[in-house]
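Dear colleague,

Please find below the structure that I am handing over to you. A summary of the findings follows it.

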Amino acid sequence: MTDAVELTADQTGDRIVTRPRPTAFTWRPGYPGTAHGRVREAVLRAAGFDLAPRDDLAADYFDRLWLTDPLAERFVDEVYYGDIGFERGKQMLEQAARDGIDSMPDAPASMRALFDELEAVPEWADVEEIERGAAVWRRWAYDMGAMGNAGTIDTYTEAWLAVPLSLSGGYAGASALNRYLETSRWWIECAQPYAVTTVGSMAKLLSIKVRVMHVSVRRGVANHPEWDEAKWGKPISQSAQMLTLLGGSVAPGLALFGIGHLSSPAELRAVLEFNRYLGYLLGVDPQLCPATVADGVRMLFHFDATRSLDSGDVGSELAASFVPSFEPQPDWSLRDKIRGHFHLQLQAGFSRLYILPWNRKRFDGLPGGWLGTGYLLARLPIIVGVELARRVFPSVDAAWQRRRTEAWRAWLDWQTRDNEHSFKPTTQMRR
């Protein structure tokens, strides 16, 4: 198996130059001679399920480390960094997201091309299936976000994922909580009924802001001396974003089962399709997102099997920043301090449950999380009871979705206070 990869065209049809596989990544089909190879063989013998993805899909994972989002990059170049400038460009973007691109007959070509894609519902997208997936997010709510962030911390062993977050400052130090609140707001808006497929929705607006922010952060990281392109490929690549989509679908679908969220196979398929469409809004090639839950499991296994474990102090800083950022502030009222400590312990509990033990050992400063873990296990019978009841009584399901989403938003409003989270594009790095 050669380390060279042959790239032909990205989603816009642009020709891509052949590149070698980034040097941080090694792979041989089946992972022979490794612990993951032995696990794969054992599962295959016992259950008949192959944990390894097809060779072409596994190779494509590495190929896509070189691919980013040329459509959004052209918009940023022409509008934000061109004659129009950031302030006017931001106004144009918000108007187009709110009123549709046809409300701006003088929109630049790159902007029209970008919004033509954002406003379209492609042939492969099943709107009702996407909505069923959004309903799963409404049930998971806060738990999905907390588990997702614990899973993200688990990936901080990898420099290609940790370095962009560290350099941009999003999840490092005191900024960690603010970025989580930004992301939570996007999650909540995307989970609203039919929001992601409706032109003019807040979900669409926030999605394009996230997409543009990725372009600017990618540019700043790529130009930084700490980024090694030959080793890692492009920052915030298509493959990196694909893992994020699995972190909002297959990973929580299986992991949250352990704390009571009994999502059915049909619901897992729906939430995977929902995340595939979210990826489309963010510029991820839909063909890269696994088509089945089984293939999603295989890609998560492939990621774990090909870890480089090279993040060092950068990964440790990020891992140690997140949970402590929930620490109540000294000037809070007693009631708010109690509430703050509850969420601090809850987030610590999720990190205890969902960061792999051997990866926890690589990070210094992670909290114990035993109180939060105890709470999550103590409430498990209640969650299971509601999950069973909602399958019998549709009114219970509707009330469960509503209550979970309201609580999620109430937490966000309380935790955010007077701060504004606007996904501002920037190429300014923290060091």
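R298 counts as buried because its relative accessibility is 17%, where buried means under 20% relative accessible area with a 1.4 Å probe and protein chains only. This is a predicted model, in which local features need pLDDT of at least 70 and side-chain atom pairs count only at pLDDT 80 or more, while totals for chains, interfaces and linings use all residues. Residues are numbered from 1 along each chain as its sequence is written, and side-chain values use heavy atoms, with hydrogens and water left out.

R298 belongs to helix α15, residues 293-305; helices are DSSP runs (H or I, at least four residues) numbered from the N terminus. Leaving aside residues up to four places away in sequence, R298 touches F49, D50, L51, A52 and P53, a contact being heavy atoms within 4.5 Å.

Helix α17 (334-354) has 21 residues and should span 30 Å at 1.5 Å a residue, which agrees with the 30 Å between its end C-alpha atoms. That expected span is 1.5 Å times one less than the number of residues. Among the buried residues of α17 are D336, H343, F350 and Y354. The buried residues of this helix pack against α7, α9 (175-191), α13 (250-255), α18 (357-360), α19 (370-378) and α21.

Helices α7 (142-154), α17, α20 (380-392) and α21 (394-416) each supply at least two residues of the lining of the second largest pocket. The largest share, seven residues, comes from α21.

Yours sincerely

Conventions: Buried < 20%, exposed > 50% of the residue type's maximum accessible area, 1.4 Å probe, protein only.
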